[in-house]
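Have a look at the model below before reading on.

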Amino acid sequence: MTTPLSPDFIETDIDQIKDAKGKLAVFVPEAGSLDVTARRVNRLTRGAVARLVGSETFGKLGVGKTLTLAFPANVAADAVVVVKLPRRPSVEQARKAGASLAKELGADPFMVLCGNLARADQVALGLCLRAYEFDDHKTADKDGKGAVSFMVNDAKGIKSASAVNGAIAEGVFFTRDLTNEPANVLTTTEFSDRLAALEALGLKVEVLEEKELEKLGMRTLLSVGQGSDSPTKVVVMQWNGGKKDDKPFALIGKGVVFDTGGISIKPAAGMEDMTMDMGGAGVVAGVMKTLAMRKAKANVVGLVGLVENMPSGNATRPGDVVTSMKGDTVEIINTDAEGRLVLADVLWYAQERFEPVGCINLATLTGAIIIGLGHENAGVFSNNDALSNAFLKAANAEEEGAWRLPLGQAYDDLLKSRIADMKNVGGRAAGSITAAQFLQRFIKPETPWIHLDIAGVASVKTETAFAPKGATGWGVRALNRLIADNFEE
Ligand code: BES
Ligand code: MN
Ligand code: ZN
């Protein structure tokens, strides 16, 4: 897998600066306020840093942005990158500064001179998140990155603070790797193997195979995968870091490893993007990895439905009626509305087996959510204001866009079927909401629940603040924070 960058933290040693090769970075809030380290670099470079920060360009530079001094005098480094940042930045400012630095990374070593800068660990996290690259399938043009070290005044203290950041970055990268992976590589079997490997971190992982799913009556889930040669699976990941008898919080993910649409086949243009249709399951996997790596003091269970939606002589037809594990029957009008069929059974199974204190599902569920919210916000649907508000707060703190949309009886009525208990589509109007209504039919009234429609945010075609083009890992940070702030002692 993509090897994540792991910056080294070393104790400040002013004498080392002169001889450091590659690039140096220093932080300066404004002209005239150079700290000990910046003053040292300034003296070595015969006043070039002070001249740069005294310039109009630096004056107008945004917080967290950089200016570069090329070929500075008297130091071994080829460049000094000056970052505009207050000595006590907010988490957001610190991470953004790190993301700016990520763009300066090259094959040469990079020494980031922090001194006593507050939140240097958050600068490092921002740098790591933005420096991620998915180049597993490139045989040429792999731009290997040079070593990154952070020179700080309290290397020991910062190393322990950044252990949690390491867990967050690894979780995000796990999600991104899974979501970026092509469907011939990430089959349902490969996906479940990668999840089973999380046992090494202390997670309990079970893989339910088709025979068991059949026995459990998960016919809506199985109907999606029946046209594919890849076997349908449900993977259950348990992290028990909380009190022994506390009921867990549940995370459920849509894991459609490829969505052709089935018999209601999608148009050819853009179909390749449907490799990311397992993005919800990817986020669940990433969060579970982060929780295990940071040994979260909470009980959390992650469940994913892994399935491939293919047309074949054996595939589900439009008009077929299937029975869910809950017992309700569904008339399948459109085989491309498959995500809700996957989630219906996994949501029901999660509630029957675990009686969770709350549950959040994630799914690249509807194209309509992209029409409504674009790529800036995921759609949030919930039956519980407290849980919904707690999630929105966590997402806001992590700068992961999320916007709540309504649910209601009139929308639910659009799912009425002539011949079965419901149909799987509600028509063109309010497509994301009727999809959410479908899911809510499989949520017990007493379960606090959120549905996150991440079709617009899981993978994007332009770079974002903390990710290059492609999979973003949206939601891993927000969900990790939601659990840390609300479900841990
Ligand atoms: N996986 C798609 C939704 C999607 C679209 C995800 C674009 C990411 C980007 C989902 O299974 C789907 O096909 N939904 C249909 C539902 C419709 C048939 C009611 C859609 O959005 O068109
Ligand atoms: Mn579909
Ligand atoms: Zn889909």
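The site of the manganese ion (ligand 2) is irregular, with angles of 71 to 169 degrees among its six donor atoms. Donors here are N, O and S atoms within 2.8 Å of the metal (3.2 Å for Na, K and Ca), and water is not among the atoms, so sites may look incomplete. As for the label, four donors count as tetrahedral if all angles lie between 85 and 135 degrees; four count as square planar and six as octahedral if opposite donors are over 155 degrees apart and all others between 65 and 115; anything else is irregular. For reference, the ideal angles for six octahedral donors are 90 or 180 degrees.

Which protein atoms hold the manganese ion (ligand 2)? They are Asp259 (OD), Asp336 (O), Asp336 (OD) and Glu338 (OE), at 2.0 to 2.2 Å from it. Along the chain, the donors are spaced as D-x76-D-x1-E. Asp259 also bridges to the zinc ion (ligand 3), and the two metals lie 3.1 Å apart. Asp259 belongs to strand β9 (residues 249-259), while Asp336 sits in the loop between β12 (329-331) and α12 (339-354), so the pair ties together parts that are 77 residues apart in sequence. Helices (H or I, at least four residues) and strands (E, at least two) are DSSP runs, numbered from the N terminus.

How open to the outside are these residues? The table uses relative accessible area: buried means under 20%, exposed over 50%, partly exposed in between (1.4 Å probe, protein chains only).

| Residue | Relative accessible area | Class |
|---|---|---|
| Asp259 | 3% | buried |
| Asp336 | 22% | partly exposed |
| Gly408 | 25% | partly exposed |

The contact (heavy atoms within 4.5 Å) takes 13 residues from domain 1 and 18 residues from domain 2.

Between the domains there are four salt bridges, each a side-chain nitrogen of Lys or Arg within 4 Å of a carboxyl oxygen of Asp or Glu. The side chains of Arg130 and Glu463 also meet in a salt bridge, at 2.6 Å, N to O.

This is a predicted model: local features need pLDDT of at least 70, side-chain atom pairs count only at pLDDT 80 or more, and totals for chains, interfaces and linings use all residues. Residues are numbered from 1 along each chain as its sequence is written, chains are lettered from A and ligands numbered from 1 in the order in which they are written, and side-chain values use heavy atoms, leaving out hydrogens and water.
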